[in-house]
Amino acid sequence: MKKKLFLAEPLGFCNGVRLAVQRFEDMRKKYPGELIYVLHELVHNSVVTQSMREKGAIFVNSVEEIPVGAVALFGAHGVTTATEEAAKKRNLRLSNAVCPLVVQLQVKAARFDPDIPLVFFGDKQHPEVQSILDHAVAHDIHVISSKEEIDSLPLMQRAVFLSQTTRNAEVVAAIAKRLAERIPQFDNQAHVCPTVQKHQEAVRLLAQTCDAMLIIGSPHSANGRYLAELAGISTGHARLVENAQQLKPEYFDDIETLGLGTATSTPDSVIKDVIDWIHAHGFETVQ
Ligand code: SF4
C-alpha cells in the first residue's frame, strides 16, 4: 500500500516575494542585456538567487558597490533611509520591491509618540528589522529575540510593541502577553504577516496528524526555520530541506504519513521536484 503525502495549503511564494521576483523580470525586459544590481539577497532562497545570477543579477551588500547610473533593485525586506538617500545620489535606475506590509510597519514606527519606548521582537541583523527600526522615531528602542530577554528589559511605565513579520504568531502572542503583565500602559501593535500565519497554521495542523513533516526552504529563510521548529514540536520528526537533492530515502523508512510545508520564498519548481521525488519513493498525495 502507498504511503500518504499531505500538502499544506498554501505552499510557495507569498505576495511580497512574488512581487519582488516579478519586478526583477520587469527590469530585465525594460533594460535588456544590462546587469541588474540587487541589494542583498532579493529572496531568501538559493535556487531563486542562482537563477537570477544566471539572468544577469549582481548581488551587493551596500549601495556604494553599485556603479553610478546602474540598474538596481531593492528587495521585499525594505531598506534604511540612508540607503534610499545614497541610491538617489548615485542616480540609479532603481526599482524598489519592498513588500507593502513592511512599508506599513515602517510608517507605523514613524508615527508612534517618540517619548513612548518601543519594544521590538525580531532579529536585529535582519534587513526587514533594520529597515523598520530605521524609520522608528522612538527615543528608546529595545530589540528582543526571545521571550527570555523580556526579563532583562528595564522597568517601563509604557511601551508600544512591534514584531518582525515572519515570526511565529504564537510566540509573538506569548511575548505580548508577558510584556502586558510587566508594563502598565502596553500597546500591542505587532503584526505577523497573514500569509506567514497561514503557512504556520497549515503546518501546525498537519504536524498534529502526520508521522513526520518536511519543510522546503533555505536555512537562511527565517520563516522556513520557524516552520521547521513548529513542525518538530508536534511530530518530533521534522526536516528542513532546500531541494530534492538533499532528500535521502532512509528519512522516510518508517513514515506512513508525511506532511509537507514550504517557506514563503520557496519557488514552485523546487516544490514540484520535491513532490515528484517523494512520489517516486512510495508516497501518493492525499487531497
Ligand atoms: S512574508 Fe509577508 S511581509 Fe514578508 S515579504 Fe512575504 S508578504 Fe511581505
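Helices (H or I, at least four residues) and strands (E, at least two) are DSSP runs, numbered from the N terminus.

## Before we start

What you're looking at is a predicted model, where local features need pLDDT of at least 70, side-chain atom pairs count only at pLDDT 80 or more, and totals for chains, interfaces and linings use all residues. Residues are numbered from 1 along each chain as its sequence is written.

## Around the ligand

Let's begin with the ligand. Helix H1 (15–30), helix H4 (100–111) and helix H7 (194–209) each give at least two residues to the shell around it. H1 has the largest share, with three residues. A residue counts as near a molecule or strand if its C-beta atom, placed from the backbone, lies within 6 Å of it. Of the 14 residues around the ligand, the nearest are Cys14, Gly16, Cys99, Thr165 and Cys193.

What classes of residue make up the shell around the ligand? It has eight nonpolar, six polar and no charged residues. Here Ala, Val, Leu, Ile, Met, Phe, Trp, Tyr, Cys and Pro count as nonpolar, Asp, Glu, Lys and Arg as charged, and the others, Gly among them, as polar.

## Two open sheets

Now for the strands. Strands of a sheet pair through backbone hydrogen bonds, either parallel or antiparallel. Two strands pair if DSSP finds at least two bridges between them. Strand E4 (residues 71–74) is joined to E5 by four bridges in the parallel sense, and Leu73 has Ser95 in E5 as its bridge partner.

Another open sheet has four strands in the order E7-E6-E8-E9, again with parallel pairing. Its edge strands, strand E7 (141–144) and strand E9 (185–188), each pair on one side only. From one strand to the next, the twist averages 20°. Strand E8 (residues 158–163) runs parallel to E9, joined by four bridges, and Val160 sits opposite Asp187 in E9.

## Strand E1 and its partners

Strand E1 (residues 3–7) runs parallel to strand E13 (residues 283–286), with four bridges joining them. Lys3 has Phe283 in E13 as its bridge partner. Four bridges also join E1 to strand E12 (residues 257–262), in parallel, and Leu5 stands opposite Leu258 in E12.

## Helices side by side

Two helix pairs are worth a look. Axes are lines fitted to C-alpha atoms, for helices over the stretch in contact, and angles run from 0 to 180 degrees between N-to-C directions. H7 and helix H8 (residues 222–235) pack at about 25°, with axes 8 Å apart. The two are therefore roughly parallel (angles under 35 degrees count as roughly parallel, over 145 as roughly antiparallel, 65 to 115 as roughly perpendicular and the rest as oblique). The residues of the contact of H7 with H8 divide into six nonpolar, six polar and one charged.

H4 packs against helix H5 (residues 127–135) at about 30°, with axes 7 Å apart, which makes H4 roughly parallel to H5. Val102, Leu105, Gln106, Ala109 and Ala110 of H4 meet Glu128, Ser131, Ile132 and His135 of H5; residues are in contact if their C-beta atoms, placed from the backbone, lie within 7 Å. This contact has five nonpolar, three polar and one charged residue.

Notes: Two residues are in contact if their C-beta atoms, placed from the backbone, lie within 7 Å.
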